[in-house]
Amino acid sequence: MPKQNIQKERIIIASDHGGFRLKEKIRNFLEKKGYQVKDAGCFNQESCDYPAYAYAAAKEVSLGNFSKGILICKSGIGNSIVANKLPRVRAALCYNLKAAKLSRKHNDANVLVLGDLFVKETMAKRIVSLWLKTEFEGGRHLRRVEQIRDIEDKTNELFKKDRPANI
């Protein structure tokens, strides 16, 4: 039986200086597995501000240019906050395998966030692998994800109406 050429999905990845080392390890790991990975920065360990890089990657997921993203900083908390500001982004901060699996099965998370302080390289690779291969379960969970989309829509409408014209 001939081998099938299975196209791996494209993934966008980003970090700040605190997550740079782990980002490079994960990026290389994914490329060796055949994924196409776009690196949205940062590109060295010089001190930088995480919001710019988290936004750059999460924006690409929000716009639908990438189906999944991975963000890495020291704790993962800041990146999670930034990514979840964008519509259609469901970023999940995962420190273990169970959280990673449930974030995909139940929440259809499309951005995985890792904290370098809490997840070492070997575990990070296991989390990433499991997260990428876990499918969304749908069913009752789809109803809840749709409720999240409705909240996003309502929030966007609310802020369009209440925002002063000069902002």
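**A walk through the predicted model**

At 29% relative accessibility, His17 counts as partly exposed. The model in which this residue sits is a predicted one. His17 belongs to the loop that joins β1 and α1. Setting aside residues within four places in sequence, its contacts are Cys42, Asn44, Gln45, Glu46, Ser47 and Cys48. Lys120 lies 103 residues from His17 along the chain, and the C-alpha atoms of the two are separated by 16 Å.

Cys42, one of the contacts of His17, is placed in the loop between β2 (36-39) and α2 (50-62). The peptide bond leading from Gly41 into Cys42 is cis, and its omega is near -5°.

The largest of them has 22 residues, and the members that touch the most other members are Ile26, Leu30, Ile70, Leu112 and Val128. At least two residues of this core come from each of β1, α1, β3, β5 and α5. Helix α5 gives the largest share, five residues. Ile26 shows how such a member is surrounded: beyond its neighbours within four places in sequence, Ile26 is in contact with Ile13, Ile70, Ile72, Ala124, Lys125 and Val128. Another core, of 16 residues, lies apart from the largest one, and Ala57, Ala58, Val61 and Ala91 are among its residues.

Helix α5 itself covers residues 121-133, which is 13 residues. From its first C-alpha to its last it reaches 18 Å, close to the 18 Å expected at 1.5 Å a residue. Its buried residues are Ala124, Ile127, Val128, Leu130, Trp131 and Leu132.

Arg104 lies over the face of Trp131, at 5.9 Å from the ring centre. The place of Arg104 in the chain is helix α4. Is Arg104 buried or exposed? Its relative accessible area is 5%, so Arg104 is buried. Not counting residues up to four places away in sequence, Arg104 touches Lys68, Ala109, Trp131, Thr134, Glu135, Phe136 and Glu137. Its side chain also makes a polar contact, at 2.9 Å, with the side chain of Asp108.

Asp108 is found in the loop between α4 and β5. With a relative accessible area of 17%, Asp108 falls under the 20% limit and is therefore buried. The phi angle of Asp108 is near 50°, a positive value in a residue other than glycine.

The charged end of Arg10 sits over the ring of Phe66, with 4.2 Å to the ring centre.

Aromatic rings also meet one another. A pair of aromatic rings is described by the distance of the centres and the angle of the planes. The count of such pairs here comes to one. Its members are Tyr95 and Phe118, whose ring centres are 4.8 Å apart and whose planes stand at 40°, so the pair is tilted. Tyr95 is in the loop between β4 (91-93) and α4, while Phe118 is in the loop between β5 and α5, so the pair ties together parts that are 23 residues apart in sequence. At 30% relative accessibility, Tyr95 counts as partly exposed. Phe118 is partly exposed as well, with a relative accessible area of 49%.

The loop between α3 (77-83) and β4 holds Asn84. Asn84 is partly exposed, at a relative accessible area of 38%. Its contacts, not counting residues up to four places away in sequence, are Val89, Arg90 and Ala91. Ala91 is also among the residues of the core of 16. Asn84 and Val111 are 27 residues apart in sequence, and their C-alpha atoms are 9.1 Å apart in space.

Arg88 also lies in the loop between α3 and β4. Its phi is near 70°, a positive value in a residue other than glycine. The relative accessible area of Arg88 is 45%, so Arg88 is partly exposed.

Definitions and conventions. Residues are numbered from 1 along each chain as its sequence is written. This is a predicted model: local features need pLDDT of at least 70, side-chain atom pairs count only at pLDDT 80 or more; totals for chains, interfaces and linings use all residues. Side-chain values use heavy atoms; hydrogens and water are left out. Helices (H or I, at least four residues) and strands (E, at least two) are DSSP runs, numbered from the N terminus. The expected span of a helix is 1.5 Å times one less than its number of residues. Buried means under 20% relative accessible area, exposed over 50%, partly exposed in between (1.4 Å probe, protein chains only). Rings of Phe, Tyr and Trp (its six-membered ring) pair if their centres lie within 6.5 Å; planes under 30 degrees apart count as stacked, over 60 as edge-to-face and the rest as tilted. A charge sits over a ring if NZ of Lys or CZ of Arg is within 6 Å of the ring centre and within 35 degrees of the ring normal. A nonpolar core is a set of buried Ala, Val, Leu, Ile, Met, Phe, Trp, Tyr and Cys residues joined through side-chain atoms within 4.5 Å. Contact means heavy atoms within 4.5 Å. A polar contact is a pair of N or O atoms within 3.5 Å; within protein, one must be able to donate a hydrogen and the other to accept it, and residues adjacent in sequence count only if both atoms are side-chain atoms.
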